[in-house]
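The sequence and structure come next.

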Amino acid sequence: MTRPRLIVVSMSLPVTAKRTGEESWSFAMNSGGLVSALLGLKGFETKWIGWPGVDVYDVVGKKALSTALAEKGCIPVFLEEVCDQYFNGYCNNILWPIFHYMGAPPEYRDDGTITYQSQYDAYKKANRIFFDVVKEHYQEGDVVWCHDYHVMLLPQYLKEYNSKMNVGWFLHTPFPSSEMYKTLPSRSELLRSILTADLVGFHTYDFARHFVNACMCILGIDATSEGVVDQGKVTQVAVFPIGIEPERFISTSELPEVVQYMKKFKNDFAGRKLILGVDRMDFVKGLPQKYQAFEKFLEENEDWRGKVMLLQIAVPTRNGIGEYRKMKDQCHKLVGRINGRFGSISSVPITHLDCSVPFDQLCALYAIADALLVTSLRDGMNLVSSEFVACQKEEKGVLILSEFAGAGQSLGAGALLVNPWNIKEVSNAIGEALNMSPEEKERKHKINFQYVKTHSTQQWADDFMNKLNEITSNGELQNGNVPHELPQHDVVQQYLKSNNRLLILGFCGTLTPPNKNQEKRGEGMNLEVHPHLHERLKELCSDPKTTVVVLSRGPKSLLDKNFGECNMWLAAENGMFLRHTSGEWVTKMPEHMNLDWIDGVKQVFKYFTERTPGSYFETSETSLVWNYQSADAEFGRAQARDMLQHLWAGPISNASVDVVRGDNSVEVHAVSVTKGSAMERLIGEIVLQNKSMTTPIDYVLCIGNFLGKDEDVYTFFEPGLSKKRKSSGNGSPKKVSSTVVDLKEENYFSVAIEKTHTKASYFLDSSDDVVQLIHKLNAHNKA
Ligand SMILES: O=P(O)(O)OC[C@H]1O[C@H](O[C@H]2O[C@H](CO)[C@@H](O)[C@H](O)[C@H]2O)[C@H](O)[C@@H](O)[C@@H]1O
Ligand SMILES: O=c1ccn([C@@H]2O[C@H](COP(=O)(O)OP(=O)(O)O)[C@@H](O)[C@H]2O)c(=O)[nH]1
């Protein structure tokens with residue numbers, strides 16, 4: 001299979017450029033996890049778009065730099081005057097601290113020249129500049145993979161320009177809990193933009209869960225196991241824990257010059273155990289906490305003084321931001337104090353280096369360290385942990401790893417996991433690592449080495465790209481396609497030609513007057529059928545070749561009241577109950593359905609109803625709906641967000657339920673209660689009871705205003721089409737035999753009302769159109 005060309009977009013290119021003459025440039029490799037990870041990408045024709053680390057204002061310089069970078073597969077983005085407020089400001093002083101649970105600093109210029117707004121404006125401008133460069137280099141079929149919080153608006157700009165572009169977005173940092181995320185003033189716009197991507201990836205399940213939760217709480221939209229659903233468009237959210245390129249580390253640590261370095265360092269540190277720290281000098285890495293824990297260890301373990309040292313490589317980063325400079329000073333002070341307290345003429349306990357080290361020396365240090373100490377207060381992944389594991393040689397070192405690093409979830413089994421805020425706990429872990437038996441060290445290392453070897457960067461990239469490919473090539477089914485206008489002429493013509501027709505009609509928004517559509521979801525007993533429909537429906541149902549089913553979320557009594565006089569089937573509560581209007585209701589619930597959560601949800605709904613004037617809720621046997629259409633709109637939305645938090649934290653935390661957000665409603669129903677899942681049970685019963693059905697169903701018209709998972713009803717019949725438009729399946733629809741349903745593609749019409757993205761193939765604008773269509777079917781049938 002040929003792979004699509006890949007356009008990687010990230011804030012920084014893998015190199016920083018330095019001007020050496022009017023038309024000449026030199027380059028230095030960047031450090032940092034993102035660059036390390038993406039450099040490991042193999043097997044894709046890749047173009048990398050990003051900032052070259054310098055601002056260039058003259059045309060000659062820009063041209064020369066672009067040419068030099070092109071040889072490395074890189075394309076520069078010139079940010080010029082927006083760079084400072086964008087990069088140092090919005091990205092690193094607002095988004096970065098919020099994403100790492102530190103909270104954003106207060107607006108930090110008293111004279112008002114730099115504000116949240118001015119930084120956000122710069123962020124928007126910068127994302128536009130990134131967009132312009134991608135647009136210039138994009139070729140049809142390319143995959144655009146956007147990286148990190150620096151380009152959160154880019155997916156939206158790309159999709160607005162070309163909705164067919166394949167766009168993925170991956171976040172390398174944590175995504176915080178919605179409680180933290182919602183402090184961000186531009187929270188909604190950023191989420192909305194990310195949701196335009198086809199695939200959104202995170203390092204851990206926690207980050208993905210937080211993101212989905214933020215979408216639900218802040219945007220008030222629905223989530224399913226497939227991802228986040230907005231207006232029928234599903235954005236897939238998935239977990240892709242990043243790895244390293246293990247062979248690069250393993251083979252480097254075997255090179256003769258690296259072995260030489262190992263000997264040299266062992267000699268330099270003779271008589272002392274080596275605890276290694278490798279971090280960018282960033283407040284999220286918890287360097288002060290690391291030093292305090294080491295100080296505590298020396299304080300409490302006199303025997304170890306002079307016999308253990310901490311070597312900290314503190315790679316300079318983001319010097320343009322005051323907070324970073326302050327933290328550097330704080331670390332220097334701490335190191336001075338500890339070295340003063342516990343140093344001797346022949347040795348000091350901490351060696352702190354404000355620099356990066358060459359790769360071969362880094363590998364040598366990893367290889368000989370007795371322990372690696374990672375105390376990140378929050379960290380997306382932390383690749384350093386994996387690199388240490390890959391380089392370990394004869395006597396294995398111990399990984400002491402913060403539980404707040406994403407790596408804690410992948411490498412926890414072979415590490416000593418610590419809470420870096422608990423100085424005593426980290427100090428104890430240092431002791432445990434230094435005293436650990438060789439067998440235990442070997443055992444732990446083996447577990448992690450196995451993981452690191454098999455979870456490479458390549459694997460990570462392949463997984464992401466394969467998933468994206470799967471989504472985009474299967475896009476119509478998975479993401480909801482853009483439906484076509486219903487070809488009403490064909491609908492009528494095929495109807496006339498067929499012998500056994502099935503019409504599946506929703507109720508709310510389909511058969512009710514147009515201005516009472518979704519808004520009235522949950523209005524239950526008050527809903528009434530469209531005034532022009534009643535007689536037309538009766539006529540439609542009187543044709544012996546036509547079977548009509550009204551399939552609604554509403555309760556039995558609602559359907560009885562509206563359709564009791566028609567000769568049709570009624571499926572209430574999403575098909576949990578079924579009756580022909582000439583007979584009694586029968587239960588069609590799946591066996592062993594767990595409804596234990598209902599009482600708890602009812603309590604939460606009651607609580608919010610009492611506190612939200614104008615709202616009310618309704619319960620049925622399998623679902624509950626809270627409706628706030630008549631409440632103050634803003635307040636109702638805010639209450640709905642809070643309600644969702646209460647529900648997820650309490651009664652539905654472990655329950656098999658779906659939560660569906662309507663425009664003014666929150667609905668909770670049992671997981672298997674979707675219209676599509678009910679179809680199989682319903683059709684069986686309908687055919688069984690309908691003795692006059694002597695030939696298979698050869699025409700299906702399914703019209704609804706269905707939300708979220710209920711859209712599965714549109715695809716229920718698709719596997720059975722004899723000429724398939726879409727992928728998958730053969731034979732009959734789901735588990736219904738071809739003696740019951742035998743459909744041709746041209747005889748199946750799935751229709752959504754008023755939707756821009758849907759699993760249905762066609763759309764109608766409103767229920768007025770449904771009235772017209774039914775009128776046409778009747779009129780032509782009579783003629
Ligand atoms: O370019 P810098 O400002 O020096 O920062 C380097 C990168 O740091 C962050 O990296 C993250 O990505 C790693 C790989 O996924 C992950 O292991 C680590 O936990 C993260 O912090 C940042 O997200 C990048 O934008 C920076 O380029
Ligand atoms: O002197 C150094 C020290 C570290 N690194 C690299 O910087 C990356 C740090 O990535 P990590 O995920 O641990 O954290 P980040 O800095 O991205 O937050 C690792 O690949 C290290 O090998 C480097 O290039 N030079």
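## Ligand site

A residue is near a molecule or strand if one of its heavy atoms lies within 4 Å of it. Ligand 1 is surrounded by 19 residues, and the closest are D148, H172, D379, M381 and N382. Sorted by class, the shell around ligand 1 holds six nonpolar, nine polar and four charged residues. Here Ala, Val, Leu, Ile, Met, Phe, Trp, Tyr, Cys and Pro count as nonpolar, Asp, Glu, Lys and Arg as charged, and the others, Gly among them, as polar.

Which side chains place an N or O atom 3.0 Å or 3.1 Å from an oxygen atom of ligand 1? For H203 the distance is 3.0 Å, and for T317 it is 3.1 Å. M381 has a backbone N or O atom 2.9 Å from an oxygen atom of ligand 1. The protein buries 90% of the 560 Å² that ligand 1 exposes when taken alone, with accessible areas from the Shrake-Rupley method and a 1.4 Å probe.

## Basis of the model

This is a predicted model, in which local features need pLDDT of at least 70 and side-chain atom pairs count only at pLDDT 80 or more, while totals for chains, interfaces and linings use all residues. Residues are numbered from 1 along each chain as its sequence is written, chains are lettered from A and ligands numbered from 1 in the order in which they are written, and side-chain values use heavy atoms, with hydrogens and water left out.

## Domains

The domain assignment, automatic or from a database, gives domain 1 (5-239), domain 2 (246-455), domain 3 (485-590 + 673-722 + 734-781) and domain 4 (596-670). Domain 1 and domain 2 each supply at least three residues to the shell around ligand 1. Taken over C-alpha atoms, the centres of domain 2 and domain 3 are 65 Å apart.

## Cysteines

A disulfide is a pair of cysteine sulfur atoms within 2.5 Å. By this rule the count is zero. C74 cannot form one because its sulfur is 16 Å from the closest cysteine sulfur, in C146, too far for a bond. C74 is buried, at a relative accessible area of 4% (buried means under 20%, exposed over 50%, partly exposed in between, with a 1.4 Å probe and protein chains only).

C541 is also in no disulfide, and the nearest cysteine sulfur, that of C566, is 5.1 Å away. C541 counts as buried at 1% relative accessibility, and C566 counts as buried at 3%. C566 sits in the loop between α22 (556-563) and β21 (569-572); helices (H or I, at least four residues) and strands (E, at least two) are DSSP runs numbered from the N terminus. The C-alpha atoms of C566 and H580 are separated by 9.5 Å, with the two residues 14 apart along the chain.

Methods
A polar contact is a pair of N or O atoms within 3.5 Å; within protein, one must be able to donate a hydrogen and the other to accept it, and residues adjacent in sequence count only if both atoms are side-chain atoms.
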